[in-house]
Amino acid sequence: MIRLRYFARLREQLGTGSEEMAPAASVAEVLERLRARGGVWAEAFDGEQTVLVAVNQETVGVDAPLADGDEVAFFPPVTGG
Amino acid sequence: MDVIRVQEAPFQFDAEVDALRAGNPAIGAVVTFLGLMRDFNDGDRVLAMTLEHYPGMTEKSLGAIVAEARERWELQGVRVVHRVGELRPEDPIVLVAVASPHRGEAFRACEFIIDYLKTRAPFWKKERTESGERWVEARHSDDAAEARWRDEDLSGEGC
């Protein structure tokens, strides 16, 4: 399994902060599955709003490969400091 | 010794700076950046703010930013303390304190660290205004501030 995490505006929009998912080959494949859920999921990941991705807490691109046990996080552009 | 902390509790500016420089006579300069919560943003009065972060990744990304600063400049110590949770106007949000033998390195490294923190460390601000709550939008000016340091890499002027 892989663990998905959502933060900030995205977490509120999706109504959840984390979930488990069957292993996927890449971040792109996870995004395909999430969009296929329709509704707020399709809206959140349709490319209209900027969504950043981290795998095992390192920022990556959507083509990044995944392995069983990975943690994949999705979040909006950061606004700390 | 570098110190990176993410915490809900307030921090004491003087105590942090004292701890950074204590017992190290090689330090000739300390430059600090203290980020504070404003009561005004994007034309509205802001009553309070909640800071969310990604525990684990936040510390990791701050560690990588400090490591990059250490590669670029000769530093004697760095402290980054960032608050999360509920904040009120006038509250300190973040402290970046950099110690080095000479002021030039300390000034540049301090600005570099806060510029990178603002665009790379996974923190998100949510403001409470008189008309409700809203997530703070990322600013292009912050991206531009970060990009300057990368442009300097290309032209070799970074050091």
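This is a predicted model: local features need pLDDT of at least 70, side-chain atom pairs count only at pLDDT 80 or more; totals for chains, interfaces and linings use all residues.
Arg150(B) has a partner in Glu146(B), with which it forms a salt bridge whose closest N and O atoms are 2.5 Å apart. The two residues both belong to helix H4 of chain B, which covers residues 140-155, and they are separated by 4 residues, or about one turn of the helix.

## Salt bridges between distant parts of chain B

Over all chains, a search of the whole structure finds 22 salt bridges. One of them joins Arg70(B) to Asp2(B), with the closest N and O atoms 2.6 Å apart. This pair links distant parts of the chain, for Arg70(B) lies in helix H2 of chain B while Asp2(B) lies in the segment before strand S1 (3-7) of chain B, and 68 residues separate them. Arg70(B) is partly exposed, with a relative accessible area of 32%, and Asp2(B) is also described as partly exposed, with a relative accessible area of 26%.

Another salt bridge is the one in which the side chains of Arg134(B) and Asp44(B) meet, at 2.6 Å from N to O. Here, too, distant parts of the chain are linked, with Arg134(B) in strand S9 of chain B and Asp44(B) in strand S4 of chain B, 90 residues apart. Arg134(B) has a relative accessible area of 24% and is therefore partly exposed, and Asp44(B), with a relative accessible area of 28%, is partly exposed as well. In chain A, salt bridges link Arg3(A), Arg5(A) and Glu71(A) in a network.

## Strand S8 of chain B and its partners

Strand S8 of chain B, residues 123-129, pairs with strand S9 of chain B, residues 132-135, in the antiparallel sense over 4 bridges. A hairpin of 2 residues joins S8(B) to S9(B). Among the facing residues of this pair, Arg128(B) stands opposite Glu133(B), and Thr129(B) stands opposite Gly132(B).

S8(B) is also joined to S4(B), by 7 bridges, and these two strands run antiparallel. Within that pairing, Thr50(B) stands opposite Lys126(B) in S8(B). Of the 7 residues of S8(B), 6 are buried, so this strand is largely enclosed by the rest of the structure. In a regular strand, the side chains alternate between the two faces of the sheet.

## Where chain B meets chain A

The contact between the chains takes 25 residues from chain B and 20 residues from chain A. The area buried between chain B and chain A is about 1900 Å², and carbon and sulfur atoms give 54% of this area. In chain B, the residues that lose the most area to chain A are Tyr54(B), Trp124(B) and Trp135(B), which together account for 35% of what that side buries.

Across the interface of the two chains the rule finds 4 salt bridges. Arg9(A) forms a salt bridge with Glu137(B), with the closest N and O atoms 2.7 Å apart. The interface of chain B and chain A also holds 14 residue pairs in polar contact. On the side of chain B that touches chain A, at least two residues each are supplied by strand S4 (44-53), helix H2 (57-72), strand S7 (92-100), helix H3 (103-120) and S8. The largest share of that side comes from H3(B), which gives 5 residues. By kind, the residues of the side of chain B that touches chain A divide into 14 nonpolar, 4 polar and 7 charged.

How values were computed: Residues are numbered from 1 along each chain as its sequence is written. Chains are lettered from A and ligands numbered from 1 in the order in which they are written. Side-chain values use heavy atoms; hydrogens and water are left out. Two strands pair if DSSP finds at least two bridges between them. Contact means heavy atoms within 4.5 Å. Buried area is the accessible area (1.4 Å probe) that two parts lose on being put together, summed over both. A polar contact is a pair of N or O atoms within 3.5 Å; within protein, one must be able to donate a hydrogen and the other to accept it, and residues adjacent in sequence count only if both atoms are side-chain atoms. Ala, Val, Leu, Ile, Met, Phe, Trp, Tyr, Cys and Pro count as nonpolar, Asp, Glu, Lys and Arg as charged, and the others, Gly among them, as polar. Buried means under 20% relative accessible area, exposed over 50%, partly exposed in between (1.4 Å probe, protein chains only).
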